[in-house]
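Hello,

Here is the structure we talked about.

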Amino acid sequence: MTAILSLHDRVFDRIDAALSSWALPTLARFSFAAVLLMYFWGSASTKLGDGIFGIFVPSTGAYAQIFPLKAEAVLYDSSQFSIFEKLVILAGTWAEFILPLLIVIGLLTRLAAIGMMGFVVVQSLTDIHGHHADAATIGAWFDRASDSLIMDQRTFWMFVLITLVLRGAGPLSVDRLIGIGRPVEA
């Protein structure tokens with residue numbers, strides 16, 4: 001039995017040494033790009049105002065998405081929002097474009113992933129408290145269903161982001177080209 005366990009350890013230690021430093025972060029960035037890039041960009045696009053200066057003037061939908069309770073209370077009149085609330089909306093919209101792009105190209109990946117983790121937490125809390133997500137949408141861990149939008153899906157999102165925080169962008173990245181985010185040698 002000891003020989004089998006020893007063989008197991010040698011084989012998987014070699015696989016880990018050969019692959020984990022580049023495969024994990026590269027696959028995490030690929031997964032993020034394949035599943036979440038267009039999701040976040042699509043969401044951010046709905047928050048832009050009209051015309052070329054729409055990046056500076058949030059749409060009515062942006063107010064309803066980010067501050068749903070207040071938007072409803074003021075009958076979706078954006079003039080009723082404070083400058084602080086408008087700045088929060090603009091920052092959130094820009095973050096929804098910029099942070100995913102940074103992750104996909106692998107620039108400042110660890111910081112971008114931390115920013116996205118914060119974004120996902122705020123998004124989830126807004127969905128639960130501001131949009132009154134129902135129990136099925138919120139879901140629960142350790143149940144038989146694996147399809148809830150918040151607890152199930154966003155757990156996997158966070159896992160991908162945590163992988164990037166811990167491992168960096170990997171070798172196929174701008175971070176590596178400019179010499180930041182190198183993996184720590186054990």
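Glu96 and Lys47 are both buried. In this predicted model, the two form a salt bridge, with their closest N and O atoms 2.9 Å apart. The pair links distant parts of the chain: Glu96 sits in helix 4, Lys47 in the loop between helix 1 and helix 2, and 49 residues separate them. In general, side chains of opposite charge can pair when their charged atoms come close.

The count of salt bridges is 3. Another joins the side chains of Lys70 and Glu85, at 2.9 Å from N to O. Lys70 belongs to helix 3 and Glu85 to helix 4, 15 residues apart. Lys70 has 28% relative accessibility, so it counts as partly exposed; Glu85, at 13%, counts as buried. There is also a salt bridge between Arg154 and Asp127, again with the closest N and O atoms 2.9 Å apart. Arg154 is in helix 7 and Asp127 in helix 5, so this pair ties together parts that are 27 residues apart in sequence. Both of these residues are buried.

Now helix 4 itself. Its 23 residues (83-105) should span 33 Å at 1.5 Å a residue, and the end C-alpha atoms are 33 Å apart, which agrees. The helix bends by about 30° at Ala95. Its buried residues, including Ile89, Leu99 and Ile103, pack against helices 1, 2, 3, 5 and 7. Gly106 follows helix 4 and has a positive phi, near 75°.

Ile98 also lies in helix 4, but is partly exposed, with a relative accessible area of 46%.

Regards

Technical notes
Residues are numbered from 1 along each chain as its sequence is written. This is a predicted model: local features need pLDDT of at least 70, side-chain atom pairs count only at pLDDT 80 or more; totals for chains, interfaces and linings use all residues. Side-chain values use heavy atoms; hydrogens and water are left out. Helices (H or I, at least four residues) and strands (E, at least two) are DSSP runs, numbered from the N terminus. The expected span of a helix is 1.5 Å times one less than its number of residues. The bend at a residue is the angle between axes fitted to the seven residues ending there and the seven starting there. Buried means under 20% relative accessible area, exposed over 50%, partly exposed in between (1.4 Å probe, protein chains only). Contact means heavy atoms within 4.5 Å. A salt bridge is a side-chain nitrogen of Lys or Arg within 4 Å of a carboxyl oxygen of Asp or Glu.
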